[in-house]
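Hello,

Here is the structure you are taking over. My notes on chain B follow below it.

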Amino acid sequence: MALDIPAGITKALELIFTGDPELYGVVYRSLLFSGIAVILATLWGTPIAMLISLREFRGKNLVKTFFTSLIGIPTVVLGLVLFLAFSNGGPLGFLGLLFTPGGIIIGEAILVTPIIISIAASAIEAVDPDIMNLAKTLGASESQASVAVLKEAVNGVLLSNVASFNRAIAELGVALLVGGNVAGLTDVLTTAISRYTARAEISFAIALGILLMVLVFLINLIVLLARKTKMFVTMWRSP
Amino acid sequence: MTVTAELRNVTKTFGEKTVLDNINLEINEGEILALLGPNGSGKTTILKILAFIENATSGEVWFQGETVDFKRAEKFRLQSTLVFQRTVLFDTSVFNNVAYGLKVRKTPKSVIDEEVKNALRMVRLQGFEKRPAKKLSGGEQQRVAIARALVLKPKLLLLDEPTANLDPKNAAMVEEVIATVNREMKTTVVLATHNMFQAKTLPHRIALISDGRITEVGAPAEIFGMLSRNLASFAVVGNTFTGNSVPTSEGTAVVDVGNGVRIEVTAQKSGEVSVFINPQDIILSKTALESSARNVFKGTITEISDLGALVKLKVDVGKPFSVQITKRSFLQMGLNLNAEVFIAFKASSVQVL
């Protein structure tokens, strides 16, 4: 059967502009899962980045190299590992996360953690080493001084968040294998595109593809503008 | 006399290198103590130990009658504040920089606003609250750093070369602030300097430091009056030379500091003396000037360092002289490395120690 591509595109635009609920349900889940995943990864990744960059310890470079190389892990491999871990017979099967939104969120958080750690650690290392001592001599405790360093690295931390969000929203492997692509429950932009394409429902696939590209573009544009106007920086650093 | 802080047999090593060697030093309440010594003599390390941000390798640190356990130094840090030589600022507004220490102390906001205002007034930066700190000039940045320490009203204020990178106007202002704080708020001050003039006028006592050891401690008059052999080590500071002084029939004396450099001075001393010429008292010209200056030497520029509004030059006339001129003069004269220049200074500008 030959695909009518022009008709597919026309239908896709119609779906987008009429606000098709099925279509936007997928977009909503993508934003939600990726957003929560990035928040989780930031919560546990930033302290690790601070430890790596501010403490001197043996094997520090090895640890850094380890996280940097994990950035490029094929998502389908991580998806497989997590599928096995979360499956009934797997070590984490009891959590019941397989084919659930929670499973995707955890999986994507793990996927982007190395990005958060690597970028944030580099940013923190680039901060003037005297900032720590400065904060301390002004009376800051060890943890308050660390926060002062983190604030100086805010641009880098923000960049790590954006890079992570881009990676999470655009990845397929983890969402497909851990989420199971259950329509209306765990399907996200990438997995839904693959499903509709396989079913030859190209109008939906094209609409989702366009929306995914628009989202990625918009996020980067907002960040670019925010960095230019220092909006985030001012928000974060206001007294 | 009450002792604010004390170092007892303090030694500090970094790997193989001994930076401080058995330092014993008492800092009396209400005094200004200058640590005078060349770069790398250990002044900064002493200040960091007194600020409790550097741990002594051995020995004891006392603060207000208590020994300081470095692992529990947080409460002591609240009372002793260091201003670094290289200005370090948080990348935020002047207000947030100055307010930082107060916020950490959980001071109420209304008090913070008032105190920050007062501190900025002291360093004559009133109205600068909203300006991004890193966009200020070098002198203004250093004054923000000083205000940020003053606002905390520390028991012990530590200043590392507070005027080293400043132009004369900013330097004078900072010195005035230090004197005022000490006089009016009774703040105990320890400042590290290699500027002999600063050491002579500002402090009540001077501790001479060289190679990680304290060699003399005393009042400025005592220290400068005594012709200590240690002063020779200050040659690295710049413009300090030693030589034999021979009185002339004109009521002056000529000090032969070697390599054919004979410096005329007004003090009629004879024998071995040290002489010091303030870099700002030296006039630089491209041709020999006809002037009242008794000392004129021809040399070449061997080093140029940019200090912002000022430019510091090293001129080799047989002996190396440090000369400070404004950036504007430097640009107008079109000077560069290896350029041939003349330096001139009056006999009365030479300090004989």
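Lys and Arg count as positive and Asp and Glu as negative, with His and the chain ends not counted; the place of a charge is NZ of Lys, CZ of Arg, CG of Asp or CD of Glu. Chain B has 43 positive and 36 negative side chains, and 6 Å separates the centres of the two sets.

This is a predicted model, in which local features need pLDDT of at least 70 and side-chain atom pairs count only at pLDDT 80 or more, while totals for chains, interfaces and linings use all residues. Residues are numbered from 1 along each chain as its sequence is written, chains are lettered from A and ligands numbered from 1 in the order in which they are written, and side-chain values use heavy atoms, leaving out hydrogens and water.

Overall fold: chain B contains 9 helices and 20 strands, taken as DSSP runs (helices H or I, at least four residues; strands E, at least two) and numbered from the N terminus. Its radius of gyration is 22 Å, close to the 20 Å from the globule rule for 353 residues, so chain B is as compact as a globular protein of that length. That radius is taken over C-alpha atoms, and the rule is 2.2 Å times the number of residues to the power 0.38.

Burial: 53% of the 353 residues of chain B are buried (under 20% relative accessible area, 1.4 Å probe, protein chains only). Strand E6 of chain B (residues 80-83) is covered on both faces, with Ser80(B) and Leu82(B) buried on one side and Thr81(B) and Val83(B) on the other.

Pairing: E6(B) runs parallel to strand E7 of chain B (residues 156-160), with 4 bridges; strands pair if DSSP finds at least two bridges between them. Ser80(B) has Leu156(B) in E7(B) as its bridge partner.

Regards

Conventions
Buried < 20%, exposed > 50% of the residue type's maximum accessible area, 1.4 Å probe, protein only.
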